[in-house]
Amino acid sequence: MSSPQIQSLDRLILALDYPTQSTALPAVEALNGLIYWVKVGLELYLAEGRSVVDSLLQRKLNIFLDLKLHDIPNTVAGAVRSVSGLGVGLLTLHASGGPQMLEAAANAAAKIPGAPKLLAVTVLTSMDRSQLAATGVTRTPAEQVALLGKMAIDAGVDGLVCSGEEIALLRETIGDEPLLIVPGIRPATSEVGDQRRVVTPASAIRSGASRLVVGRPITQAPDPAAAVRSILDEIDSALPALQR
Ligand SMILES: O=C(O)c1cc(=O)[nH]c(=O)n1[C@@H]1O[C@H](COP(=O)(O)O)[C@@H](O)[C@H]1O
């Protein structure tokens with residue numbers, strides 16, 4: 001296996017879905033040099049707050065803070081201001097909060113130097129058509145992602161979270177510039193679990209993903225470092241030659 005290239009290291013985000021710092025930090029340290037980006041989600045952030053963010057920043061990691069904000073525009077704008085001093089690079093909010101909420105968040109971030117880039121979550125990768133229908137949405141997941149994605153980019157966010165199945169469709173409508181961050185990544189040998197719309201790392205990169213979010217296929221692997229190396233190799237071989 002070749003040594004990881006910087007271009008592929010920047011394309012992978014490790015989801016730190018752990019209950020405490022004392023479980024998350026050793027997992028990160030075991031992957032020293034193989035991981036540039038980590039995602040702190042609700043489980044870890046609600047338990048540890050900014051202290052875990054500070055610990056990860058001290059280890060020179062880039063942070064994706066996945067809080068999936070969804071509230072009235074004034075409240076979400078305030079939450080964006082509160083997060084902006086933390087030093088995180090990416091922050092999520094739900095596209096289904098609507099254009100006014102997204103605009104208020106984007107306007108708040110634009111006024112603060114060093115604010116995170118905002119990512120609108122379209123349709124969760126754990127949802128299939130029947131889950132979506134249960135919420136009253138009769139479109140297919142791809143149709144709903146296309147609608148929410150265009151609306152969110154028009155409202156001023158920097159990028160979207162979508163599944164690998166919708167990347168090509170979104171690139172046709174929003175172009176190459178917005179970030180497309182893609183969870184629901186499953187190498188061919190990994191268990192799917194609660195995810196529904198899954199693709200392999202290579203497929204997501206070939207379709208135009210900016211970065212991939214991967215949790216359990218790494219954290220629950222018998223050898224997490226080997227799992228990361230194999231994903232990085234897959235990313236590297238799928239990147240266009242000019243980007244390697
Ligand atoms: O916003 C996210 O990061 C997210 C959006 C989405 O639609 N689906 C999704 O799985 N995620 C996150 O991506 C990670 C996926 O983890 P694994 O399924 O373990 O690889 C989890 O931390 C989820 O919270």
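Student: Is D71 buried, partly exposed or exposed, and why?

Tutor: A handy way to read this is to count the C-beta atoms around a residue: 20 or more others within 10 Å makes a residue buried, and 12 or fewer makes it exposed. This is a predicted model, and in it D71 is partly exposed because 15 other C-beta atoms lie within 10 Å.

Student: Which residues does UniProt list for "active site"?

Tutor: An unreviewed UniProt entry lists D66, K68 and D71 under that heading. Such annotations may be inferred rather than shown by experiment.

Student: Let's take K68, then. Which strand holds K68?

Tutor: K68 belongs to strand β3, which spans residues 62–69. Use the count again: K68 has 16 other C-beta atoms within 10 Å, so K68 is partly exposed.

Student: What does K68 contact, leaving aside neighbours within four places in sequence?

Tutor: With those neighbours set aside, K68 is in contact with T92, L93, H94 and V121.

Student: How do I read the two faces of a strand, say β2?

Tutor: Start with the general idea: in a regular strand, side chains alternate between the two faces of the sheet. Now look at β2, residues 37–40: W37 and K39 are on one side, V38 and V40 are on the other, and all of them are buried. Both faces of β2 are therefore covered, going by the cut-off of 20 or more C-beta atoms within 10 Å.

Student: In which sense do β1 and β2 pair, and over how many bridges?

Tutor: Strand β1, residues 12–15, pairs with β2 in the parallel sense over three bridges. From β1, the chain passes through helix α2 (residues 21–29) to reach β2, a right-handed β-α-β crossover.

Student: How many bridges join β2 to β3?

Tutor: Four bridges join them, and the two strands run parallel. V38 turns up again here, with I63 as its bridge partner in β3.

Student: Can we try a helix? Where does P217 lie, for instance?

Tutor: P217 is in helix α11, residues 216–219. P217 is buried, since 22 other C-beta atoms lie within 10 Å. Not counting residues up to four places away in sequence, P217 touches R186, P187, S190 and A227.

Student: What separation do the C-alpha atoms of P217 and A115 have?

Tutor: Those C-alpha atoms are separated by 30 Å, with P217 and A115 being 102 residues apart along the chain.

Key: Residues numbered from 1 in each chain as written. Predicted model: local features only at pLDDT ≥ 70, side-chain atom pairs only at ≥ 80, totals over all residues. Contact = placed C-beta atoms within 7 Å. Pairing = 2+ DSSP bridges. Right-handed = clockwise from strand over helix to strand, strands pointing away.
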